[in-house]
Amino acid sequence: MLSHFSAVLLFALCCSVVFGITQRSQPKMMVRFGAYCFVLFVGGVIVASWVMWLIKH
Amino acid sequence: MTTTPQAQVKPKAERVPGEASSFALMVLLAAWVVPGAGHLLLGKWVRALLLFVAILGMYLIGMGLQGKIYTPNTGEILDILGFAGQLGMGLLYVLARLFGWGASAVLNTLADYGTKFLVVAGLLNIIAAVDAYSLANGRKAS
């Protein structure tokens with residue numbers, strides 16, 4: 001069974017692959033943009049999680 | 001004044017970027033029905049494989065998490081939007097409806113995640129199909 005965080009990682013990975021391929025033309029830029037999207041997805045989740053923790057406490 | 005035979009030859013018609021063609025429409029349709037098929041028709045098999053694995057992966061995870069499969073005629077606006085998103089999966093959505101895969105209602109938090117996986121898989125497939133169409137009609141260079 002997936003945990004919430006592992007579900008987020010898989011979601012970010014799949015979306016980043018599609019974004020990288022479709023939003024850039026050159027293979028090198030595709031990899032770079034895909035990695036950038038993945039970091040933003042996961043980073044955004046971590047930041048949002050800490051914000052919710054701070055609001056609760 | 002006479003013209004040489006070479007000068008009389010009409011220039012070959014160049015493909016205008018963005019111009020609609022039957023091949024481009026076929027690529028668009030194929031990419032919608034089967035994720036990655038549009039890129040495969042264009043000979044970009046690595047991209048096709050990556051798109052297929054990514055979108056099919058999201059579909060399988062969504063099904064594994066008991067995500068909801070939307071139906072078109074519930075009358076609820078959010079259900080209609082969810083249906084429009086999931087319809088983007090093409091054949092995968094049809095298979096889910098035919099064989100009754102997925103859930104008819106969201107029962108827990110992870111099932112809600114699963115529903116989002118299924119909707120986003122459809123939306124990503126639409127993006128991939130439009131990308132294949134842009135490659136086919138020359139709007140996107142490579």
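Hi everyone, let's start with one residue, A121(B). Leaving aside residues up to four places away in sequence, A121(B) touches I55(B), M58(B), Y59(B), G62(B) and M89(B). Keep in mind, please, that this is a predicted model.

Now let's step back from that residue to its surroundings. A121(B) is among the residues with the most contacts inside the largest nonpolar core, together with V18(A), M58(B), F117(B) and A132(B). That core has 41 residues. Who supplies them? At least two residues each come from α1 (4-23) of chain A and from α2 (22-33), α4 (45-64), α6 and α7 of chain B. The largest share, 13 residues, is from α7(B).

How many residues of chain A are in contact with chain B? There are 11 of them, and they contact 19 residues of chain B. On the side of chain A that touches chain B, nine residues are nonpolar, two are polar, and none is charged.

Staying with chain A for a moment, find M30(A) in helix α2, residues 27-56. Is M30(A) buried, exposed or partly exposed? With 19 other C-beta atoms within 10 Å, M30(A) is partly exposed, because a residue needs 20 or more to count as buried. Again not counting residues up to four places away in sequence, M30(A) touches G20(A), I21(A) and R24(A). V18(A) is 12 residues from M30(A) along the chain, and their C-alpha atoms are separated by 9.4 Å.

Next, back to chain B and helix α5, which spans residues 77-87. Here G82(B), G85(B) and Q86(B) are buried. Why do they share a side of the helix? They cover an arc of only 95° around the axis, so they sit on the same side of α5(B). On the other side of α5(B) you'll find I77(B) and L81(B), which are exposed. What covers the buried residues? The cover includes α6 (91-99) and α7 (109-136) of chain B, and α7(B) is the helix that gives the core its largest share.

One last stop, in the loop between α4 and α5 of chain B, where you can find Q66(B). Most residues other than glycine have a negative phi. Q66(B), although it is not a glycine, has a positive phi of about 60°. Q66(B) is also partly exposed, with 18 other C-beta atoms within 10 Å.

Key: Residues numbered from 1 in each chain as written. Chains lettered and ligands numbered in written order. Predicted model: local features only at pLDDT ≥ 70, side-chain atom pairs only at ≥ 80, totals over all residues. Buried ≥ 20, exposed ≤ 12 C-beta atoms within 10 Å, placed from the backbone. Helix = DSSP H or I, 4+ residues; strand = E, 2+ residues; numbered from the N terminus. Arc of directions from axis to C-beta. Contact = placed C-beta atoms within 7 Å. Core = buried A, V, L, I, M, F, W, Y, C linked by C-beta atoms within 7 Å. Nonpolar A, V, L, I, M, F, W, Y, C, P; charged D, E, K, R; others polar.
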